[in-house]
Amino acid sequence: MVPFRQFLLKIHSRCNLACDYCYMYEGADQSWRDRPRLMALPTAGRTARRIAEHAAEHRLDEVAVVLHGGEPLLVGAAHLDALLGELASAGPRIRFSLQTNGLRLLDEPALLDVLHRYRVAVGVSLDGTRADHDRHRLLPSGAGSWARAAEAVRLLGSAEHRDLFAGLLCVVDLRADPVATYEALLEFSPPRLDLLLPHATWQTQPAGVRRTVPLAPPRGGEPAPYGEWLIAAFDRWYDAPRRETGVRLFEELAVLLLGGRAASEAVGLAPVDLVVVEADGTIEQADSLKVAFDGAAGTGLDVWRHGFAEAAAHPAFRARQRGLGGLGPVCAACPLARVCGGGLYAHRYAAGGAGGGAAGGVAEGAAGGAAGGFAHPSVYCADLDRLIRHIAGRLRADMAGLAGVTGSGRGG
Ligand code: SF4
């Protein structure tokens, strides 16, 4: 059994923005409507004890706890302090992180004191330029949220709070210019960028493409607008005269191409080690699955009645821990499978059966089983193929320059 090392806690199940691409509130799964707003302290305490049990059972010296939402900072400074106190006191060493839209940092500065106290690494969602960000990330009034989010990022990047600043998370939009997006984010001097493909499936396809499930791995000629977008950003990042920031997707693909292992589940074949605990203590799979169908992330387990060992043994998690054996037939036959890994699990979803047989598209709206429905290539298959081959080509060209360097470094 692969133990969990990352525990994503939904400490607040509502949001103070109304982003049009939000998988939680706009996606197929609407279970948030039945959940309490806040994670109560007894739920946090119970979760902490379950984490401690799991860490002891698997001799994990350290685990990661990711505070998430909704918007996690809506809990307020006092409750955040109490939640972190419950979690920190339970057992193993915990690396805390939090993903936020940033706005609450401006409204309640005491939140920053709490984040410092528990050394919480803070990532902020910011979608590039003001115009691009404001196209999607809206305040409840319908106005754009860029100005306030940018102010929050500047605060986080100030000398006083810089040690909390983990980076920026940006969702790719084909209407945005990739280089302008990268450079707009770079203005905030983020330690790291996450460029995320928008959550999509074969049922709910990404904006700007209409694809059919492929019968075979890509041959390189397919339209790949998301791949091209990422390639333009990659080249701008890779060709910079000095290292400006890290870009997780590019770095992970480079590591995988050079024979290493990825740390995220977006690419590569590393077994999933992240589990979600909802505000009411329900144990779920990664949030991204909510884009697939109602209940896709569910396990039927909760921290009140079940330990994380039971979750780790659940077929839904096991399916995502089988490496190459967990991929559908098209991905398993793909020469890039070890690097691509079929992309993010949620993005493979198509209704009905094993992959590779749905030429002409898949039936809209039909429910698919978790195994068969995810046994397809990623809906971003052509894009991932294009990007990976491009990065491989750039690395190969650079490696060729090493041909004359001796291995020992002692000369000869
Ligand atoms: S999703 Fe990735 S591994 Fe699967 S066929 Fe496409 S490129 Fe290959």
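Visitor: How do I read the surroundings of one side chain here: leaving aside neighbours within four places in sequence, which residues is Leu80 in contact with?
Guide: Contact means heavy atoms within 4.5 Å. With neighbours within four places in sequence left aside, Leu80 is in contact with Ile11, Leu67, Leu73, Val75, Leu111, Val114 and Leu115. Do keep in mind that this is a predicted model: local features need pLDDT of at least 70, side-chain atom pairs count only at pLDDT 80 or more, and totals for chains, interfaces and linings use all residues. Residues are numbered from 1 along each chain as its sequence is written, and side-chain values use heavy atoms, with hydrogens and water left out.

Visitor: Which residues touch the most other members of the largest nonpolar core?
Guide: In soluble globular proteins, nonpolar side chains tend to be buried together. A nonpolar core is a set of buried Ala, Val, Leu, Ile, Met, Phe, Trp, Tyr and Cys residues joined through side-chain atoms within 4.5 Å; buried means under 20% relative accessible area, exposed over 50%, and partly exposed in between (1.4 Å probe, protein chains only). The largest core has 99 residues, and Leu80, Leu195 and Phe250 touch the most other members. Helix H9 (residues 225-238) gives the largest share of this core, seven residues. There is also a second, separate core of 11 residues, with Val291, Ala296, Tyr345 and Ala346 among them.

Visitor: And how many helices and strands does the protein have?
Guide: Helices (H or I, at least four residues) and strands (E, at least two) are DSSP runs, numbered from the N terminus. The protein has 16 helices and 10 strands. Its radius of gyration, taken over C-alpha atoms, is 21 Å, close to the 22 Å that the globule rule gives for 412 residues, so the protein is as compact as a globular protein of that length. That rule is 2.2 Å times the number of residues to the power 0.38. Along the principal axes, the C-alpha atoms fill a box of roughly 55 × 55 × 50 Å.

Visitor: What share of the residues is buried?
Guide: Buried residues account for 56% of the 412. As for sequence separation, take the contacts between residues at least 6 apart: 74% of these join residues at least 24 apart.

Visitor: Is Glu278 buried or exposed?
Guide: Glu278 has a relative accessible area of 2%, so it is buried. You will find Glu278 in the loop between strand S8 (274-277) and strand S9 (282-284). Beyond its neighbours within four places in sequence, Glu278 is in contact with Lys10, Arg35, Met39, Glu284, Asp287 and Lys290.

Visitor: What about Ala263: buried or exposed?
Guide: Ala263 is exposed, with a relative accessible area of 65%. Ala263 lies in the loop between helix H10 (248-257) and S8. Its C-alpha atom is separated by 9.3 Å from that of Arg248, 15 residues apart along the chain.

Visitor: Now the backbone: which residues does a cis peptide bond join?
Guide: Gly69 and Gly70 are joined by one, with omega about 20°. Gly70 lies in the loop between strand S2 (62-68) and helix H3 (77-88).

Visitor: Where is Arg59 found, and what is its phi?
Guide: Arg59 sits in the loop between helix H2 (41-57) and S2. Its phi is near 50°, a positive value in a residue other than glycine. Arg59 is exposed, at a relative accessible area of 74%. Arg119 also has phi near 50°, and lies in the loop between helix H5 (110-117) and strand S4 (121-125). At 74% relative accessibility, Arg119 counts as exposed.
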